[in-house]
Every structure is written in structure tokens, then in C-alpha cells.
Amino acid sequence: MIPSAFDYVAPSTVDDAVRALNDAGEDAKIIAGGQSLLPVLRMRLAAPSKLIDLGKVAELRGVREDGDALVIGAMTTHYDVQRDPLVREHAQLLAVATDTVADPQVRHRGTFGGSLAHADPAGDLLAPALALDVEMVLCGMDGKRTVPAADFFVDYFTTALRPSELLVEVRMPKYTGWHAHYEKFNRVAQAWSIVGVAAAVNVAGHTISAARVALTNMSSVPVRASGVEQALVGQEATPDAIRAAAERAVEGTMPVADNNADVAYREHLAKVLTSRAVTAACG
Amino acid sequence: MRITVTVDGTAYTDEVEPRTLLVHYLRERLGKVGTVVGCDTSNCGACTVHLDGHSVKSCSVLAVQADGCEITTIEGLSRDGQLHPVQQAFHDNHALQCGFCTPGMIMQAIDLLADDADPDEETVRNGLEGNLCRCTGYQNIVRAVRDAASRMEPGSGPEAEQVAEQTSVAGGSRAEVRQS
């Protein structure tokens, strides 16, 4: 199908984009990589009056260091995140999770910021963002503000972004030397994650000195598995210790039943995948 | 809205509606019907083309987003009557049954060979994850991609597509090509 008619602008700066968004009103929609939005428009599940394309805003692309922080521009494509040496070195969890997003064609167009702002609970980058304690930098007419990941994801497809705000960049501490794995379960190629688990660990000797674990699609928003983290820290990375910690993966989750899985099955998956993800991360 | 694009080495300037999908622009305005529409859900990959040297699903890009870009379709691969090595490998390995997925499979195969000149079977299957063959002819498709890899010099992916007037970057990596 063909989308409903809309107006289109492609500003080249963040300031112009924010102004265009503010002027256009609530029926306008930002298009980043468009890999979630265009299918929605084609199926006429949405009919925005205007698309504001960020594709020409060069300042939104790229990865840089800012002191102790790693900063990723919102329009950096999945393909570029996957291959970025700074991401590989300081945010391995994000790199390995991005490797699993959709397929190569989608990763060439889709963007990190677009995935986060879209906030699909089955999206694979929300849990890593939460686990890594990233901060979202939002820009509106009144300037910039910073929102931690824990406050950014509000509900299904709903974030703390106000109607006339843009997500411009994502800042995170460096996790240099941490080891990570993203384990997701789906049945066929290109399917959304039924459940996914993002795990990053810092191992000193044989002991887990720090752990970050978050779950995909176990609630309307990504869920930090704090119980698992607490149970892992100070333990030796043995199969028994990891399995025992993974038993706590469902604490604080509110999974829903759908055509792919009922609640009990999702809870089972959360534990099994947590165990696998942490085991793989510990190497 | 007016756009200028280079498709298979030829520059075009056209007025398009913002809602026009790139695949519809290629097929209906430019007559590039070698690029096909296989699904309505962005899953099948049959419409895969290269946008500035990277594979994209042309049903998931607006024509206006391609303004100023260089596009290569399946119709732009052969040179002087010679099939592209990946096209020839698909022919030689009988890597098609009904043939509908073939344009997208070939465009994606060229992309994956640009990233990995000698992929193992698993790498090929992962690289083709975004392309579906309803005939399930994957065995020969994978065989053809690996055969093509053995025929192609390393790095001949994107360079092989550069239009004649552009200087090709012999032996250059993908990153160098993108910066050129």
C-alpha cells in the first residue's frame, strides 16, 4: 500500500528541526531511519500531516568520547554502531545487541535514537540502554534537558519526549573491560524478540565484581533485573551461582500474554535466557 | 517535491510526491522493473537496492529521502553484456526457482561480500536474513554466494558498481569508499 499524503521537510540542523516540529503541531512526526515508521505509514496505521526527516542533520550522527562519557548521536545507524571501535571498547553490550537487530538492510537505515524514541517493548536496544544507565539528551524550544533511561521509557511506545522535543544524543558511562552478551528468543528470522536479556559483567579473577542485567519484552517498558544483579555480585561465575541468580529474573516484571507466548512461558524464558546471557558474558 | 538521484549511473531529476516509496519511483517512473515488490510488510527483501553503496529495502525508503543519493539496482550490475560475478554464480548454481526473490538476493549478496569477501556458510545465511525465498531454494543460493566469493577479488563489491566517470578505489576498504 501507499501511505496517506503528508507534507515533508528535511532540515539540516537540530535548531531547524526543533522549530519545524514546534511549528507543525501534534500531527507531525519525526522520521529518523524510518524502518519502523514507514511500514506503519504504508499500512495506514498512522497518517501524520507532516514528516520531519532528520536524515540531513549531520550533527546527529556519529560516536564520540566526552571525558568519561561515551556519546552516540541519535541518528547513528545500527550499522555504524555495530562497527564503531569506541562502542566495541566501551559499550560492548550495545554492540552485541545491535548485531541482532532486524536484518542487514534495516540496520543500514535504522538508527539508535530512532529505536529508543519508538520505544517498542520488543525492541532490542531498550534493555541494553537501561542496563548501561544511559542518559537521553532531549532538545526542545527551551533548550536541552537530560533524562535517565529509567525515566525515559514510560509505557508501550511512549517516552518522556514532549511533543516538540527531539532525542539528540545518548550519553553513557564507559564500561571498558566489561564483558557482555544479548540473548534473545524468537522462532523465525526477523521476528520480534519474545523475550530478550541484556547482560554485562565485570569479572575480577573468577569473581563477578559488577553486573548489569535488563530484560526485553517482559513489561510495557524494559525492566532492570536488580535482583539478578545483586545475586551475582561477589559470586564466582559458576553454573550453579548463575542459575540461582537467574531465578530472580522475573522480579518486578509484568509480562503480557500474546500469540507468541503466555505469561508463564515468558517467565520461564526470562530465567533461562538470563542464565544463558550471563554465562556467555562471563565467557 | 523535486529530487535528483543517480540510478545505475544515470542522473534523473523528477517531481515526486513525498509519500512516494523509492521502489515505486524506480519501477513506475524510471521503468526499473527489475526491482520487484514481494510483500507489503518490509520482510521479504525482494526490493533490495543499494543506496550510496549500502543495501536497503526500497519499500522502506521514501523517494524524497534518496534525494542526492546514488542508487544501484539489479539492472545496473552487468557491464558490456557481462553479468556481474554474483549474477553469473546464481546462474551457474541454479540459485533460483521462481526467480522473484532473485534481484533482492543478488543485491544483498553483493552487500555482504563487500563486508566479508570470504564468508562461511553461517555468515552467508545471517547476511541474507532479510531476504525470503518462498520456493525455499536457500541451499543453492548459499552455494552461489560462496561460489561468487571465490570468483571475486577482495574488495570488488562497491567498487564494481562505481559509475564510469568516477575514479574507482582499487583494493580499497568499504570505509574508504564511503569517505571518497
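In which sense do strand S2 (residues 28-31) of chain A and strand S3 (residues 50-53) of chain A pair, and over how many bridges? The pairing of these two strands runs in the parallel sense, over four bridges. Please keep in mind that this is a predicted model.

- Within the pairing, Ala28(A) has Lys50(A) of S3(A) standing opposite.

**Where chain A meets chain B**
- Chain A brings 24 residues to the contact, and chain B brings 24 residues.
- On the side of chain A that touches chain B, at least two residues come from each of strand S1 (7-9), H2, S3 and helix H6 (104-109) of chain A.
- H6(A) gives the largest share of that side, with five residues.
- By residue class, the side of chain A that touches chain B holds twelve nonpolar, seven polar and five charged residues.

**The two domains of chain B**
- The contact between them involves 16 residues from domain 1 of chain B and twelve residues from domain 2 of chain B.
- On the domain 1 side, strand S3 (48-51) and strand S4 (54-57) of chain B each supply at least two residues, and S3(B) has the largest share, three residues.
- That side of domain 1 of chain B comprises six nonpolar and ten polar residues, with no charged ones.

Methods:
Residues are numbered from 1 along each chain as its sequence is written. Chains are lettered from A and ligands numbered from 1 in the order in which they are written. This is a predicted model: local features need pLDDT of at least 70, side-chain atom pairs count only at pLDDT 80 or more; totals for chains, interfaces and linings use all residues. Two residues are in contact if their C-beta atoms, placed from the backbone, lie within 7 Å. Ala, Val, Leu, Ile, Met, Phe, Trp, Tyr, Cys and Pro count as nonpolar, Asp, Glu, Lys and Arg as charged, and the others, Gly among them, as polar. Two strands pair if DSSP finds at least two bridges between them.
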